[in-house]
Amino acid sequence: MRLLVDTPSLLWQSLLAGESKEFGRKVEFEGKSVWVNGWEHGYDCAMSHLVSVFNELNIGPAQTIFVKAGKHSKARRKAIYNGYKEGRDSRPPEAYVEFEKCFEELRNTFMSAGSHLVVGEGTEEDDILAFLAKKLDGEIVVLTRDGDMTTLISDRVALYQNGKLTRENKYGPFPHRFVPVYKALCGDGNEYKGASGFGPKSFLDFLVWAGDPGLAALEGMMIRRTLHELQDDVAEFKPLSKVITSAEHVYQSYECALLHDEWVDTERNPLKYEAGVVGEVKDERLAKWVAVQST
């Protein structure tokens with residue numbers, strides 16, 4: 001078994017957990033007083049979470065690959081949809097400074113415990129994780145908060161989310177491969193719009209009406225850009241009119257929701273691999289695993 005870690009997802013979750021009176025402070029941001037936790041708080045929370053996962057899955061640092069996007073990670077999707085992630089997770093500059101410090105500390109700790117780091121420029125963590133899950137042999141667990149990763153779930157790939165191992169499709173009772181179709185129709189917060197007025201209830205109503213074959217047909221129309229063909233079905237299922245009206249947003253949203261492993265490790269943007277070497281124990285919480293690897 002291998003554990004793939006969506007590193008920014010883990011670190012932001014850890015940095016934003018509560019308010020550390022010991023390491024946190026208030027800063028002014030966009031006219032408001034905002035609390036920023038220090039990297040020490042984020043590091044401690046991330047370590048506690050990872051150790052808990054290791055114990056539950058019976059694995060250790062040597063089976064763990066940390067994944068992080070490099071420069072221009074959003075460029076491809078912004079070229080598809082100009083408003084992609086616009087204004088999302090707007091945070092004060094001080095928070096990003098603490099994030100980078102936290103990442104470096106975590107990186108140093110786990111590289112000396114035998115973990116690996118993979119960084120890819122021009123692609124997001126989602127795409128890199130999908131690429132690795134496809135290329136690596138054996139059972140894979142992806143540690144992430146990102147719902148888009150639900151698409152990856154299979155007999156061989158599971159997610160670790162909300163404190164548990166899961167293969168559940170949290171969006172509804174339909175095959176995982178259709179999650180991009182769901183996101184294309186319902187949107188994904190301020191990442192991309194989807195079909196205006198077509199929400200989760202409309203999607204589930206459509207699923208009852210058309211079933212999985214209907215989702216497959218919609219997927220084909222999104223790929224071919226032929227959603228106008230739904231016009232004949234509007235009389236039976238009126239929300240389809242919203243899909244037709246928002247067709248361009250649906251096409252863009254579908255492309256953004258897909259996991260593009262084909263964008264990863266290209267000649268122009270090869271992945272950067274860093275292999276850890278077991279050495280000095282930098283955090284006693286990892287000592288038992290480092291000791292086993294050293295023998």
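Mentor: In this predicted model, the contact between helix H2 and helix H4 is made by Trp 39, Gly 42, Tyr 43, Ala 46, Met 47, Leu 50 and Phe 54 on the H2 side, which meet Glu 98, Lys 101, Cys 102, Glu 105, Leu 106, Thr 109 and Phe 110 of H4. By residue class, this contact holds nine nonpolar, two polar and three charged residues. H2 spans residues 39-57 and H4 spans residues 93-111, and their axes come within 9 Å, crossing at roughly 40 degrees. Angles under 35 degrees would count as roughly parallel and 65 to 115 as roughly perpendicular, so H2 and H4 are classed as oblique to each other. The crossing in which H2 passes H4 is right-handed.

H2 also lies across strand S1 (2-6), strand S4 (64-69), strand S6 (140-143), S7 and S8, and runs at about 155 degrees to S1. These strands belong to an open sheet of seven strands with mixed pairing, ordered S8-S7-S6-S1-S4-S5-S9. The edges of the sheet are strand S8 (164-166) and strand S9 (272-275), each of which pairs on one side only, and the twist from one strand to the next averages 25 degrees.

How values were computed
Residues numbered from 1 in each chain as written. Predicted model: local features only at pLDDT ≥ 70, side-chain atom pairs only at ≥ 80, totals over all residues. Heavy atoms only, no water. Axes fitted to C-alpha atoms, helices over the stretch in contact; angles between N-to-C directions. Helix = DSSP H or I, 4+ residues; strand = E, 2+ residues; numbered from the N terminus. Parallel < 35°, antiparallel > 145°, perpendicular 65-115°, else oblique. Left-handed = near helix turned anticlockwise from the far one by under 90°. Contact = heavy atoms within 4.5 Å. Nonpolar A, V, L, I, M, F, W, Y, C, P; charged D, E, K, R; others polar. Pairing = 2+ DSSP bridges.
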